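Below are some exercises, each with a worked solution to follow step by step.

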Amino acid sequence: MKILGIESSCDETAAAVVEDGKKVLSNIVSSQIDEHKLYGGVVPEIASRRHLENIDYVVNNSLIEAEVSLNEIDAVAVTYAPGLIGALLVGINYAKGLCLSSKKPLIPVHHIAGHIAANYITHTDLKPPYLCLVISGGHSHIVMVEEYTKYRVIGRTRDDAAGECFDKVARTIGFDYPGGKYIDSAAKSGNADAFSLPHPNVTGSKYDFSFSGLKTAVINLVHNASQKGVDLNRNDIAASFQKTMCDILVSKTMLAIKDLNVNTLAIAGGVSANSGIRAAFDGECEKNGIKLFLPQLKYCGDNAAMIACQGYYDFLAGRTASLDLNGIATLSLDEISE
Ligand code: KG4
Ligand code: ZN
């Protein structure tokens, strides 16, 4: 079964053709980042307009690269939640138009479910149940993936997402938006023990995260030093911050693994591209006999192959939509698991 996936929830206009949820025939991503970085973050109005301009070209190219015609596509999967509402609506309306004209089934896909599914593309042996740490620019979740379409959120961030924290720390030390990847490379030449940063505690749930205290600690460190005219080494800040982030993510995730008695862990989302985080989980999982699955780097960030892949499992579960499908800006994975 060949599914055309469409993703436009944030600042990437993406389309892909995936066969049977595994074989990626094409994966086109058009990034708007060069325009948004002028403003230090994604500007929703600009994102929607660029999606409108790009989507037809991106979808057509995904068909050309896959060497299939629209007739040979069996269904269209589109991200419908969560995300920037104006941005989501561009992809949804384009998908609806395609489905109306070609009489194909329309499959609404949850963006975070898509990130999780990126692991199925890389690892055909990964099957639910397993625990998944989702770390992206907008979300940080520890999720029990009970079935391909059934999730239980075990822990979540109370404030900033992990990627948001990376990006704000990066901005504080002078990197462009989105700065996660710059922190990653700067950390390689820094001393991770140069600065001691806090591991914020969260009361109520031992699996919930809080990253705003960590972010504020870095901002205060940099501002205090600059008021005293002291120049801090930014590689050392990057390395110390990344190590603290790794410690927080690893400790909460390993605690959930132990308490829930699972032996399989997957990691997903843009931040799962981070080399320090990948290495930290590699070591910890090896030590504890946990099977670890990481997506290929090209499927960590936003893409449509992951949407087409999850769309396949949603289709098998009978989750298709009619042409009154609407976008939803905020929607938890728990709410689609009833
Ligand atoms: O999943 P994603 O592409 O978009 C959302 O759904 O939010 O994640 C984007 C986030 C950004 O915050 C970006 O800085 C971060 O992923 N990111 C990284 C790395 N590559 C991307 N963070 C840390 N290290 C990286 N190598
Ligand atoms: Zn994403």
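**Exercise 1: a helix and its end**

Start where α2 stops: the residue that follows α2 is glutamate 67, and its phi is positive, near 55°. Before going on, note that this is a predicted model, where local features need pLDDT of at least 70, side-chain atom pairs count only at pLDDT 80 or more, and totals for chains, interfaces and linings use all residues. Residues are numbered from 1 along each chain as its sequence is written, chains are lettered from A and ligands numbered from 1 in the order in which they are written, and side-chain values use heavy atoms, with hydrogens and water left out.

Task: find where helix α2 bends, and list what its buried residues pack against.

Solution, step by step:
- Helices here are DSSP runs of H or I with at least four residues, strands are E runs of at least two, and both are numbered from the N terminus.
- α2 covers residues 44-66 and bends by about 45° at asparagine 54. The bend is the angle between axes fitted to the seven residues ending there and the seven starting there.
- Buried residues (under 20% relative accessible area; exposed is over 50%, partly exposed in between, with a 1.4 Å probe and protein chains only) of α2 include Ile46, His51, Ile55, Val58 and Leu63.
- The buried residues of α2 pack against β1 (2-7), β2 (12-19), β3 (23-31), α1 (33-36) and α3 (85-102). Contact means heavy atoms within 4.5 Å.

**Exercise 2: a helix pair**

Task: how are α5 and α8 oriented to each other, and which residues meet?

Solution, step by step:
- The axes of α5 (residues 162-172) and α8 (residues 234-260) come within 11 Å and cross at roughly 170°.
- The two helices are therefore roughly antiparallel; the cut-off for that is over 145 degrees, with under 35 roughly parallel, 65 to 115 roughly perpendicular and the rest oblique.
- From α5, Ala162, Cys165, Phe166 and Val169 meet Phe241, Gln242 and Met245 of α8.

**Exercise 3: an enclosed strand**

Task: why is β9 largely enclosed, and which strands does β9 pair with?

Solution, step by step:
- Five of the five residues of β9 (residues 264-268) are buried, so the strand is largely enclosed by the rest of the structure.
- Thr264, Ala266 and Ala268 point one way from β9, Leu265 and Ile267 the other.
- β6 (residues 130-135) runs parallel to β9, joined by four bridges, with leucine 131 partnered by leucine 265.
- β10 (residues 291-293) also pairs with β9 in the parallel sense, over three bridges, and there leucine 265 has leucine 292 as its bridge partner.

Note on methods: Axes fitted to C-alpha atoms, helices over the stretch in contact; angles between N-to-C directions. Pairing = 2+ DSSP bridges.
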